[in-house]
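Hi everyone, thanks for making time.

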Amino acid sequence: MESLKKDTRGQWIALSGLVLSLILIGLAALANQALIAGYHSSNAVLEFPKENIRELNSHTRDNAEILKSLSFEINNSTNNTVPVIFEQLFDNYSTQMETLYAAHGETVDISLVSINSNNGTYNNNSDIDVIFVNLTYNDGSTHYVSEPEVIRVTK
Amino acid sequence: MNDKAQLHTMEGLLAAILMTMTVLMITQSTAIVTPQNELAIDVQLEQIGSDTLKVIDIAPQTSIIRNNLTECVASWDTTTEASYPTNNLEILDNSISNLMPEILYNVNFAYTRNGNLTVKKVIIHGQPADNAVVVRHYVTLTNETVKTMGGGWNLADDEIKVVEVRMTTWKV
């Protein structure tokens with residue numbers, strides 16, 4: 001061993017070994033970081049509550065058709081106008097949806113902004129044409145707002 | 001005794017250890033991908049369940065699915081809950097099992113009654129596994145739909161009832 005201490009040859013080889021090992025460590029660290037970053041970004045995409053938001057949107061659209069025909073039916077037996085009945089039914093729908101979403105830790109707000117008729121009257125079943133609705137969804141990490149959501153009521 | 005190139009030998013040894021450690025580190029770090037794969041399976045299950053409820057909801061009466069989801073829910077007798085192994089909504093159970101073979105599921109209905117949340121069991125196929133996924137679909141009932149289907153919802157003519165069809169799916 002004593003002779004090794006005095007042997008100063010091969011320093012380039014020793015230095016290149018050190019450089020190579022440092023490069024290897026750097027590459028390994030990079031690969032590790034890339035994997036973690038990939039995991040977090042794909043995890044965020046997978047956990048995004050797209051089905052819940054889509055369901056809120058599509059059900060509100062489908063429901064507008066149901067409420068429209070029900071409003072005209074009720075109008076035949078009460079003195080209230082069609083827009084008033086529609087608004088009451090929509091409020092009822094909104095309250096029920098808020099309770100159902102709250103049951104799994106999500107808050108939603110569905111509020112009717114306006115009811116529009118192309119000819120300005122509400123005399124028959126084809127007169128409500130478009131409604132404007134404000135939709136809000138929040139599950140603590142995702143906040144979705146659609147103000148206004150324009151719903152064409154065709155049926 | 002030949003004591004030359006001892007430093008080279010040590011260098012080679014250190015390099016071998018370093019490379020082994022690097023390979024180990026990379027191999028262990030790839031283990032983090034595993035939960036991602038599990039999550040992907042969950043998402044797949046969620047997609048299948050969600051699609052199934054949507055397909056049933058829009059199914060025309062002429063198709064193999066005779067009653068759509070709203071009609072199935074409307075026909076439900078609200079006074080009785082399912083208890084394993086007896087289900088109390090066969091028409092919905094048949095439709096779901098046709099569309100989701102080899103996947104187990106339970107179905108509950110959630111709705112509001114006098115402002116309070118009510119959850120009732122409708123279809124039970126067993127105890128959900130650890131990897132179970134819950135999917136939801138909403139339907140709106142009117143008295144007309146309920147009367148047509150002969151259900152027990154007791155709605156007034158000017159009343160609507162939003163029902164959350166809550167399906168828990170899992171694979172064994």
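This is a predicted model: local features need pLDDT of at least 70, side-chain atom pairs count only at pLDDT 80 or more; totals for chains, interfaces and linings use all residues.

Okay, the interface. On one side we have 32 residues of chain A, and they are in contact with 33 residues of chain B. Which helices of chain A supply that side? At least two residues each come from α1 (2-6), α2 (11-47), α3 (50-75) and α4 (82-102) of chain A. The one that gives the most is α2(A), with 14 residues. If you sort the chain A side by residue type, you get 18 nonpolar, 12 polar and 2 charged.

Now over to chain B and its sheet. You're looking at 4 strands in an open sheet, and the order across is β2-β1-β4-β3, with antiparallel pairing. At the edges sit β2 (116-123) and β3 (133-142) of chain B, each pairing on one side only. From one strand to its neighbour, the turn is 25° on average, ignoring direction.

What packs on this sheet? That's α4(A), from the other chain, and it touches β1 (104-113), β2 and β4 of chain B. The direction of α4(A) makes about 25° with that of β4(B).

Let's stay with β4(B), residues 160-170, for a moment. On one side, 10 bridges join it to β3(B), and the two run antiparallel. If you want pairs to click on, V134(B) is opposite T168(B), and T140(B) is opposite V162(B). With β1(B), the pairing is again antiparallel, over 7 bridges. There, Y105(B) has T169(B) as its bridge partner. So how enclosed is this strand? Of the 11 residues of β4(B), 10 are buried, so the strand is largely enclosed by the rest of the structure.

Last stop, the sheet in chain A. Here 3 strands make an open sheet in the order β1-β2-β3, and the pairing is antiparallel. Its edge strands are β1 (107-116) and β3 (143-152) of chain A. The twist from one strand to the next averages 15°. Between β1(A) and β2(A), residues 130-138, there are 9 bridges. One pair to look for is N116(A), which stands opposite V130(A).

And which helix lies across this one? It's α3(A), which lies over β1, β2 and β3 of chain A and runs at about 155° to β2(A).

Conventions
Residues are numbered from 1 along each chain as its sequence is written. Chains are lettered from A and ligands numbered from 1 in the order in which they are written. Two residues are in contact if their C-beta atoms, placed from the backbone, lie within 7 Å. Ala, Val, Leu, Ile, Met, Phe, Trp, Tyr, Cys and Pro count as nonpolar, Asp, Glu, Lys and Arg as charged, and the others, Gly among them, as polar. Two strands pair if DSSP finds at least two bridges between them. Axes are lines fitted to C-alpha atoms, for helices over the stretch in contact, and angles run from 0 to 180 degrees between N-to-C directions. A residue is buried if 20 or more other C-beta atoms lie within 10 Å of its own, exposed if 12 or fewer, and partly exposed in between; C-beta atoms are placed from the backbone.
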